[in-house]
Amino acid sequence: MVTPKITHTRTLILGGGITGLATAYALEELGCRDYLLLEAKDHLGGLCATTYVNGYHFDYGGHLLHLHSQLGKTLVKKLLGKNLAQHTRHAWVYSNGMHVPYPFQTNLWALHPELRALCVEELKQLQNMPAAPEHFEDWCIRSFGYALYEAFFRPYNEKLWGRPLRELTCEWCGPFVPAPQRGEMLQSATQKPAAPQGYNATFYYPRHGGCGALVEALAAHVKNTRTNAPVTRLNLAAKTAWINDRETVTFEQLVSTIPLPQLVNLLQGHDELKRAALQLEAQPITVYHLAIAREVPHFSWIYFPDAAQPFYRVGMQNSFDPGSVPEKDTSLFYIELPGLPPHTPETEEKIWNGLHQKGLVDSDDVKLFSAWQTLPYAYVIFNQARSQVVPALLAALEKENCFCVGRYGRWEYSFIDKSLTQAWDLAGKLTTL
Ligand SMILES: Cc1cc2nc3c(=O)[nH]c(=O)nc-3n(C[C@H](O)[C@H](O)[C@H](O)COP(=O)(O)OP(=O)(O)OC[C@H]3O[C@@H](n4cnc5c(N)ncnc54)[C@H](O)[C@@H]3O)c2cc1C
């Protein structure tokens, strides 16, 4: 009989995405070398990895660097050095035949005159927001008025989230849905804003290597990693993890960056936590990457609220990443579809027709390349249960020295910048325990 291999580490990190890697890097920087990072896949990076196929490369949808924290900025600049460029967003919304710069709500000048007049009228009558809006629909209507809600916020968000907006809370909106002052929105009816607005008005991106360049730069500082090492079972009382149900690792502290419901399902016992986690939901998405033999005028990304198109957002990878295509005179689009449509020629045709209808491809354009990606957990659903269940789960896990970080670890809506700050904060805390 083969004796199972047993390893011991002080800090076990689950998941080798950007959050797990950043936690390991922060521990290294703090002089704590007694950690082990386990990644289920055969490569590191999680959703921040970049995929290379036939001379093209692409991310899991566009993964742009929105660096708002000082730590995020300093760290990414240190890691990428000269391999980092800053870009200005060129994004808009295609809606009901209109072509409105993003954010929609501060570009009322671009609306059809009748719709603009209606939006202005409603904005003038807006009441102050109640302390706690009931749900996302309520928040949108009270922030922007009914006409703007119907023109953009409802159709776009229902398409993305796949449910009525009354089923979502507005806890996630924070910086992600710009809610400018009413005066600013009204002014935009007659005057174009002087500069692009919102949390992503400018963004950073590696000059070479896609978002994966950041993963590689981080990984270069992180020694104790194992890929092809899925954790399949966990016993928090015995502080033991099983890799592939065969090998065991004992630990003192556990850091989890894997999706919170998945983590809870790995636990031995803890039936009450498992029952609670059943209430957590995610919206999966599918990304279709398409290259055509023509360089269309550059844009960063475009939102598509209309139900007629199967996609909700299309980005142009080579607009901010020229090396993502092997030849000039090429456009590489990442096309994001809600849910899990089948990867079939019929879906491809619907996508092509949608792009054609919106003028992004011509009938005589030649398709050079395409690839599919599926993101089963892409967007955490902020349902009513989440606001109770997530804090309760995180608190219960922390009592057992299990700390969750990252967008999926904490089951939230957040970006790379927050992964980095959370990882740093947690590493500091772990060294004091
Ligand atoms: C469509 C889309 C677009 C986005 N665009 C941006 C953007 O432009 N800018 C931005 O800053 N952020 C963006 N984000 C958010 C960003 O992807 C996340 O914040 C970030 O990638 C989270 O990293 P993570 O390491 O926490 O999780 P993940 O990347 O999900 O990594 C978790 C890792 O855990 C591994 N794992 C899972 N289960 C196990 C197991 N049992 N054992 C071992 N390993 C396991 C997985 O394989 C994975 O590698 C976007 C997200 C989506 C969905």
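This tour goes through a predicted model, stop by stop, starting with the ligand. Residues are numbered from 1 along each chain as its sequence is written, and side-chain values use heavy atoms, with hydrogens and water left out. Local features need pLDDT of at least 70 and side-chain atom pairs count only at pLDDT 80 or more, while totals for chains, interfaces and linings use all residues.

**Stop 1: the ligand**

Helices (H or I, at least four residues) and strands (E, at least two) are DSSP runs, numbered from the N terminus.

Next, show the N and O atoms of the ligand and of Gly62, Leu64 and Gln262. An oxygen atom of the ligand lies 3.2 Å from a backbone N or O atom of Gly62. A polar backbone atom of Leu64 is 2.6 Å from a nitrogen atom of the ligand. In the side chain of Gln262, an N or O atom is 3.3 Å from a nitrogen atom of the ligand. How much of the ligand does the protein bury? Taken alone, the ligand exposes 1000 Å², and the protein buries 93% of that. These areas come from the Shrake-Rupley method with a 1.4 Å probe.

**Stop 2: His63**

Keep His63 selected. His63 sits in the loop between strand S4 (56-58) and helix H2 (70-80). Is His63 buried or exposed? With a relative accessible area of 16%, His63 is buried (buried means under 20% relative accessible area, exposed over 50%, partly exposed in between, with a 1.4 Å probe and protein chains only). The side chain of His63 reaches the backbone oxygen of Leu47 at 3.4 Å.

**Stop 3: aromatic rings**

The structure holds 30 aromatic pairs. Rings of Phe, Tyr and Trp (its six-membered ring) pair if their centres lie within 6.5 Å; planes under 30 degrees apart count as stacked, over 60 as edge-to-face and the rest as tilted.

Select Phe152 and Tyr156. Why is this pair called stacked? The ring centres of Phe152 and Tyr156 are 5.3 Å apart and the planes stand at 20 degrees, so the pair is stacked. Both residues lie in helix H5 (residues 146-161), 4 residues apart, about one turn of the helix. Phe152 is buried at 5% relative accessible area, and Tyr156 is buried at 7%.

Now select Phe304 and Phe311. This pair is edge-to-face, with 5.0 Å centre to centre and 85 degrees between the planes. Phe304 and Phe311 are both buried.

**Stop 4: arginines over rings**

Select Arg233 and Trp242. Arg233 lies over the face of Trp242, at 4.3 Å from the ring centre. A charge sits over a ring if NZ of Lys or CZ of Arg is within 6 Å of the ring centre and within 35 degrees of the ring normal. Then select Arg407, which lies over the face of Tyr379 at 5.3 Å from the ring centre.

**Stop 5: strand S5**

Select residues 85-88, which form strand S5. Which residues make up its covered face? Ala85 and His87 do, while Gln86 and Thr88 are on the uncovered one. S5 and strand S8 (residues 202-205) run antiparallel and are joined by 4 bridges; two strands pair if DSSP finds at least two bridges between them. Opposite Thr88 stands Thr202 in S8.

Methods: Polar contact = N/O pair within 3.5 Å; in protein donor to acceptor, adjacent residues only side chain to side chain.
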